[in-house]
4 protein chains.
Amino acid sequence: MSGSYTLIINCPDRPGIVYNVSGIIFAHGGNILESRQFEDRETGRFFLRIVFESDAEESVMADALGKLGTEFAMDWRLVRTGQPVKVLILVSKFDHCLAYLLYKVRMGEMPLEVVGIASNHPASALTASDIRDIPFHHLPVTRDTRAEQEACIKELVEESGAELVVLARYMQILSDDLATYLSGRCINIHHSFLPSFKGAKPYHQAHAHGVKMIGATAHYVTAELDEGPIIHQAVERVTHEDSADDLVRKGREVENHVLGDAVGWHVEHRVIMNGRKTVVFRN
Amino acid sequence: MSGSYTLIINCPDRPGIVYNVSGIIFAHGGNILESRQFEDRETGRFFLRIVFESDAEESVMADALGKLGTEFAMDWRLVRTGQPVKVLILVSKFDHCLAYLLYKVRMGEMPLEVVGIASNHPASALTASDIRDIPFHHLPVTRDTRAEQEACIKELVEESGAELVVLARYMQILSDDLATYLSGRCINIHHSFLPSFKGAKPYHQAHAHGVKMIGATAHYVTAELDEGPIIHQAVERVTHEDSADDLVRKGREVENHVLGDAVGWHVEHRVIMNGRKTVVFRN
Amino acid sequence: MSGSYTLIINCPDRPGIVYNVSGIIFAHGGNILESRQFEDRETGRFFLRIVFESDAEESVMADALGKLGTEFAMDWRLVRTGQPVKVLILVSKFDHCLAYLLYKVRMGEMPLEVVGIASNHPASALTASDIRDIPFHHLPVTRDTRAEQEACIKELVEESGAELVVLARYMQILSDDLATYLSGRCINIHHSFLPSFKGAKPYHQAHAHGVKMIGATAHYVTAELDEGPIIHQAVERVTHEDSADDLVRKGREVENHVLGDAVGWHVEHRVIMNGRKTVVFRN
Amino acid sequence: MSGSYTLIINCPDRPGIVYNVSGIIFAHGGNILESRQFEDRETGRFFLRIVFESDAEESVMADALGKLGTEFAMDWRLVRTGQPVKVLILVSKFDHCLAYLLYKVRMGEMPLEVVGIASNHPASALTASDIRDIPFHHLPVTRDTRAEQEACIKELVEESGAELVVLARYMQILSDDLATYLSGRCINIHHSFLPSFKGAKPYHQAHAHGVKMIGATAHYVTAELDEGPIIHQAVERVTHEDSADDLVRKGREVENHVLGDAVGWHVEHRVIMNGRKTVVFRN
């Protein structure tokens with residue numbers, strides 16, 4: 001079975017990596033379509049993303065890569081290019097990011113299958129989203145029921161086979177336990193230009209501070225609140241005329257784009273974690 | 001003597017302000033060319049900037065405005081449109097902002113007269129600037145001589161008649177005394193997207209943090225370090241490939257524009273302080 | 001009945017306009033909340049948009065303005081601030097702009113009532129939109145039936161009371177007759193940075209040309225194809241890696257924002273035609 | 001002698017290119033620092049830029065690459081990374097782009113040696129530039145003396161060893177002969193968002209057209225006026241308030257950046273011509 005593959009590699013830098021990897025691809029009749037690489041001079045790590053076409057069996061390729069991987073101490077992954085990634089989306093009352101992601105998926109803009117939507121509010125609270133036949137899970141939460149609710153979320157992840165969880169303005173703070181469980185496979189959108197205005201009501205903080213730009217930050221979730229590796233950020237100009245409510249409105253567009261791009265890059269395997277930072281091979 | 005005037009007003013909001021001000025202009029044969037206003041709903045203050053042409057004597061206009069100003073408790077200022085503002089520029093080793101400002105002035109882009117340049121380094125340390133016949137003052141400083149050096153700066157301000165002091169990447173921290181002395185008539189450029197990365201080496205902080213955008217902030221100097229009212233901010237995209245040095249280089253362009261725009265708006269009387277914020281009537 | 005009004009004026013420039021208009025507002029107990037004005041030095045015309053609160057009856061205000069309007073040869077309009085504008089949206093197969101506008105309306109971001117959607121394709125052709133209970137009109141068209149189809153569109157405009165028609169990627173060329181009928185109350189989105197790449201398949205033209213940015217243009221429809229007064233434009237960076245299809249995808253976001261902003265400004269009465277140009281009092 | 005090399009390859013696409021090139025680098029003890037590639041699916045051509053460190057002699061590397069180049073029908077070039085490129089700058093009355101380029105060079109931002117400046121105006125006409133000890137050539141031109149003047153330019157190119165000629169707002173139209181002579185090694189900045197507003201006075205054309213953004217385009221010079229392969233473009237927002245003169249002023253900044261970036265990428269060997277387009281491996 002022939003096709004297009006995407007190979008992602010993360011390993012200590014040393015001479016010969018590209019030569020050996022391209023050798024395996026060449027030996028299996030492959031042709032490289034895209035290639036991006038990065039050496040982090042500070043950490044000595046090397047990152048590579050290659051898209052190639054080959055008639056070889058995936059398992060045959062994987063065998064060869066496995067041997068090389070051991071030799072070079074590689075974290076590596078070989079996936080079918082364009083294979084949809086299963087995603088569970090968590091949302092609260094503000095559903096603009098959810099609406100935007102569903103739009104992108106329906107327009108065929110990202111290889112992503114939404115396997116479920118979960119919210120601490122009922123589906124009737126959604127303003128902008130058109131969820132059609134996507135399974136919706138109402139998981140109300142109070143201070144006292146957090147543990148059980150988070151257990152339900154874990155169960156949803158397991159049952160749905162979700163490879164990625166997206167916090168699309170999910171306004172509940174995750175417990176350390178859940179954050180750790182989701183670490184590296186969960187993207188959050190924070191509605192400020194981090195590290196400015198961490199925590200609650202960032203637009204109101206920004207308004208009080210008199211800043212002239214607001215921003216949004218998409219980052220991987222880790223146990224540290226609003227401190228996970230940043231994938232993407234963008235900003236929008238604001239003026240003295242903008243009230244805190246105006247910032248909320250202007251910010252929605254920025255949040256949509258930042259989260260949409262970050263998720264899109266993730267599901268195309270363009271984002272690699274590098275300690276507390278990320279390598280992003282943007283297209 | 002006829003001409004164009006710029007009138008700036010800042011007062012408690014109440015009905016009739018525009019009517020009365022435009023009445024004075026009309027009564028003196030004036031024609032309004034530009035007008036911008038803003039009511040701050042939170043503080044109840046009203047801000048107005050009007051550019052108008054009139055054949056009336058400035059003193060006659062001022063008399064009429066003075067009476068109205070008293071009635072409405074106005075802070076008001078009437079200036080000749082385009083009258084150059086006298087500016088003293090302080091700089092340290094990095095002189096890109098100085099070079100940029102001098103370029104703008106020479107291209108006739110802003111009504112500004114540079115009455116002097118002062119630096120804690122000698123003129124020979126300037127890399128990019130072409131100061132020609134502008135008076136240059138070398139004011140070296142050590143921890144022990146700060147008080148005397150700052151006294152020299154005050155003296156320079158007085159003697160040169162500087163109406164504005166620009167800290168064009170002047171890397172010395174002002175004493176509270178000097179900051180207070182310059183309060184409201186001194187613009188600083190900070191090389192981060194405030195309030196992120198206050199203090200020293202913001203690009204290195206940003207690099208360590210893994211942010212995806214860097215920024216610069218122009219603000220009025222007050223006694224609180226890096227906390228004065230923000231006039232302008234802008235950002236530039238960075239990637240995982242950018243070293244801390246790359247951020248420094250990319251940041252120079254942002255700093256230039258942010259400071260250049262902020263100074264340009266100030267000398268055209270487009271910026272009005274509003275507590276810890278600013279009103280900026282951008283063009 | 002008290003409330004907030006928006007007043008739009010367009011007249012030959014001469015001294016006293018602001019004084020007289022603000023006098024009427026003041027005389028009716030009004031307080032100005034926002035004011036923007038512009039004198040076109042080339043044409044000698046004056047444009048004014050004022051938002052004010054007043055307890056006066058609308059009809060009483062209108063009487064006073066009517067007299068002033070006659071004296072100053074004003075085109076003027078007084079509307080309730082925030083009064084929804086009735087809009088008919090025309091769309092073809094690509095419905096991303098429709099989806100985006102519906103999203104904005106449902107989020108309460110613009111004072112706009114969608115009174116109908118018409119398409120030369122059936123509702124089942126919509127990919128991204130969630131039209132809910134908005135009346136949908138399938139108006140198929142062939143070369144031979146254009147006249148009848150356009151008659152249906154006119155009828156729809158009349159019956160629905162539409163004050164604005166939005167061509168949201170409606171891919172049919174309007175006849176001169178319909179274009180003239182809709183002139184000044186119809187906004188089109190063209191998917192290029194006009195005047196570059198007029199006519200069909202602009203993204204493919206752009207790709208063949210090797211440009212490094214693509215754009216979109218919202219303009220009022222006039223009888224001249226793709227030549228009506230421009231309301232708004234924006235661009236997006238593209239690279240050598242982008243295929244024509246990538247430009248189509250990247251362009252969708254730009255089209256959405258440009259059309260969304262233009263329609264938003266129109267329904268807030270921020271756009272005034274000025275010959276073949278527009279005056280846009282952006283917020 | 002060891003060091004860092006930059007290798008640029010342009011050849012028909014086929015399997016094995018990366019494998020063979022990386023093989024040569026590996027065989028010569030090299031380590032790849034940066035690598036960017038592109039396959040043009042439409043033309044079947046492959047483009048590669050690799051930066052690597054190696055202790056091997058340049059001539060030894062070149063021998064090996066020469067053999068591979070013959071086998072794969074490669075256009076290839078091996079240069080020392082950071083080796084300054086010799087540049088001749090042509091300018092007319094508006095010297096902002098010249099000033100900007102000189103600033104970039106002096107700040108050490110681009111590997112570029114200015115071997116001369118030539119102008120149809122005398123050095124005394126320069127407003128913003130500080131040419132210091134760079135040779136300046138006054139080459140006045142009239143309709144009748146174009147041929148001789150262009151002969152002088154050719155001579156300057158030869159004598160100075162200029163590898164690149166930059167038309168930094170040089171307002172003379174080159175003859176087909178000179179354009180052909182400079183083809184592929186001459187970058188022009190056109191002050192519009194091409195293909196809009198070709199030819200003379202583009203800002204005035206843009207103003208008359210009522211566009212809401214202005215732009216600038218850096219392109220390689222070919223015999224077709226304003227039609228050479230585009231390297232870079234950028235835009236700036238304008239409003240109804242901007243006069244044609246305001247566009248000229250706002251445009252200067254855009255021209256500076258677009259030309260500066262294009263020249264910077266060229267001298268870092270990041271730009272490769274691809275028919276009437278370019279491949280640009282931006283950093």
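Chain A splits into domain 1 (3-80) and domain 2 (85-280), with bounds taken from an automatic or database domain assignment. This is a predicted model, where local features need pLDDT of at least 70, side-chain atom pairs count only at pLDDT 80 or more, and totals for chains, interfaces and linings use all residues. Residues are numbered from 1 along each chain as its sequence is written, chains are lettered from A and ligands numbered from 1 in the order in which they are written, and side-chain values use heavy atoms, with hydrogens and water left out.

**Domain 1 against domain 2 in chain A**

- Taken over C-alpha atoms, the centres of the two domains of chain A sit 31 Å apart.
- Domain 1 of chain A brings 14 residues to the contact and domain 2 of chain A brings 8, contact meaning heavy atoms within 4.5 Å.
- About 820 Å² is buried between these two domains, 53% of it from carbon and sulfur atoms; buried area is the accessible area (1.4 Å probe) that two parts lose on being put together, summed over both.
- A:Ile8, A:Phe47 and A:Arg49 account for 48% of what domain 1 of chain A buries here, more than any other three residues.
- There is 1 salt bridge between the domains, that is, a side-chain nitrogen of Lys or Arg within 4 Å of a carboxyl oxygen of Asp or Glu.
- That bridge pairs A:Arg270 with A:Glu34, and their closest N and O atoms are 3.7 Å apart.
- On the domain 1 side, strands S1 (3-12), S2 (31-40), S3 (45-54) and S4 (75-80) of chain A each supply at least two residues, strands being DSSP runs of E, at least two residues long, and helices runs of H or I, at least four, numbered from the N terminus.
- S1(A) has the largest share of that side, with 4 residues.

**Chain C against chain D**

- Chain C and chain D put 31 residues each into their contact.
- The pair buries about 2,900 Å², with carbon and sulfur atoms giving 57%.
- C:His209, C:Lys212 and C:His240 supply 22% of the area that chain C buries against chain D, more than any other three residues.
- The salt bridge count between chain C and chain D is 0.
- On the chain C side, helix H6 (202-209), strand S11 (230-237) and strand S13 (277-280) are the elements giving two or more residues.
- S11(C) gives the most to that side, with 7 residues.
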